[in-house]
Amino acid sequence: MKNIFTTLLLAQVCVTMATPACAAEVHVAVASNFSAPMHKIAAAFEKKSGHKTILAFGATGKFYAQVRNGAPYALLIAADAATPARLISDGLAVPGTAFTYATGRLVLWSAQSAFVDGQGAVLRNGAFTHLAIANSRTAPYGAAAMGVLEKLRLLDGLKDKLVQGENIAQTYQFVKTGNAALGFVAMSDVYRGGKFVGGSAWVVPADLHAPIRQDAVVLARGANNPAARELASYLQSDEARQIIRFYGYER
């Protein structure tokens with residue numbers, strides 16, 4: 001009887017407050033474009049919940065392959081909507097747990113001031129050696145960038161200048177370090193609280209590519225992990241939304 005009473009009491013305490021006895025650990029696979037906001041969200045979540053987050057960043061397509069091969073992730077924060085839906089269909093994610101946490105924006109950016117004009121005409125001028133772009137097969141931002149080049153009918157003329165990053169974070173590094181004069185990057189890499197943090201940029205009009213709707217989903221390994229479900233819920237909170245908007249994402 002005493003053990004039952006203790007269990008019930010602990011459960012009630014866990015509902016009302018974070019304690020070491022209630023803390024859980026959650027492995028989270030995070031699309032690389034969301035790395036900056038996710039670090040802040042994870043810190044706020046850990047402080048509020050008492051749970052521990054273990055974050056891994058990379059391309060959404062590669063995470064899909066890793067989950068299929070048994071990677072220990074409990075939650076996927078993807079750069080698209082198709083991958084979470086596919087994982088649910090495969091029986092590798094929990095039905096009913098997918099939700100859109102952000103809509104990404106694509107930016108043509110250069111670390112050099114005044115290099116990229118406000119209309120993206122630099123793409124047609126061709127006054128550059130390399131244009132960085134993420135892998136379109138595994139990175140949704142790369143697929144969006146390819147869509148832009150195709151829609152503007154510039155792909156054939158620029159193919160020899162393309163430098164491919166494994167994911168959008170590596171693509172940003174190519175441009176930041178000057179290995180590429182400009183590139184298609186995630187707005188979240190170069191935007192903070194209403195302004196660009198350096199260089200020059202063209203915010204690509206949303207009608208030039210498919211919407212970059214970014215969904216999250218609780219994976220099968222996280223089905224019984226309270227930290228996974230609580231973090232998924234926290235991502236939809238007003239606190240998290242403020243952080244997400246600060247980095248230029250839309251809802």
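**Close-up 1. Val28 in strand β1**. Val28 of this predicted model is a residue of strand β1. Its relative accessible area is 0%, so Val28 counts as buried. Leaving aside residues up to four places away in sequence, Val28 is in contact with Ile54, Leu55, Ala56, Tyr73, Leu75, Ile77 and Leu231. Gln170 lies 142 residues from Val28 along the chain, and 20 Å separate the C-alpha atoms of the two residues.

**Close-up 2. The open sheet of five strands**. The strands follow the order β2-β1-β3-β12-β4, and their pairing is mixed. The edges are taken by β2 (52-58) and β4 (99-104); each has a single partner strand, and therefore one side of each has no neighbour in the sheet. From one strand to the next, the twist averages 20°. In general, the strands of a sheet pair through backbone hydrogen bonds, in either a parallel or an antiparallel manner.

**Close-up 3. The pairing of β1 with β3**. Strand β1 comprises residues 25-31 and pairs with β3 in the parallel sense, over three bridges. Val30 has Ile77 in β3 as its bridge partner. Ile77 is also among the residues that Val28 touches.

**Close-up 4. The aromatic pair of Phe63 and Tyr73**. Seven aromatic pairs are present in the structure. In the pair formed by Phe63 and Tyr73, the ring centres are 5.5 Å apart and the planes meet at 85°, so the arrangement is edge-to-face. Phe63 belongs to helix α3 (residues 60-68), whereas Tyr73 is in the loop between α3 and β3 (75-77); the pair thus links distant parts of the chain, 10 residues apart. Phe63 and Tyr73 are both buried. Tyr73 is also one of the residues in contact with Val28.

**Close-up 5. The aromatic pair of Trp109 and Tyr172**. The rings of Trp109 and Tyr172 form a tilted pair, with 5.5 Å from centre to centre and 35° between the planes. Because Trp109 lies in strand β5 (residues 106-110) and Tyr172 in helix α8 (residues 168-176), the pair ties together parts 63 residues apart in sequence. Trp109 and Tyr172 are buried.

**Close-up 6. An aromatic cluster of Phe34, Tyr101 and Tyr249**. Ring pairs join Phe34, Tyr101 and Tyr249 into this cluster.

**Close-up 7. A charge over the ring of Phe128**. The charged end of Lys161 is placed over the ring of Phe128, at 4.7 Å from the ring centre.

Technical notes
Residues are numbered from 1 along each chain as its sequence is written. This is a predicted model: local features need pLDDT of at least 70, side-chain atom pairs count only at pLDDT 80 or more; totals for chains, interfaces and linings use all residues. Side-chain values use heavy atoms; hydrogens and water are left out. Rings of Phe, Tyr and Trp (its six-membered ring) pair if their centres lie within 6.5 Å; planes under 30 degrees apart count as stacked, over 60 as edge-to-face and the rest as tilted. Helices (H or I, at least four residues) and strands (E, at least two) are DSSP runs, numbered from the N terminus. Buried means under 20% relative accessible area, exposed over 50%, partly exposed in between (1.4 Å probe, protein chains only). A charge sits over a ring if NZ of Lys or CZ of Arg is within 6 Å of the ring centre and within 35 degrees of the ring normal. Two strands pair if DSSP finds at least two bridges between them. Axes are lines fitted to C-alpha atoms, for helices over the stretch in contact, and angles run from 0 to 180 degrees between N-to-C directions. Contact means heavy atoms within 4.5 Å.
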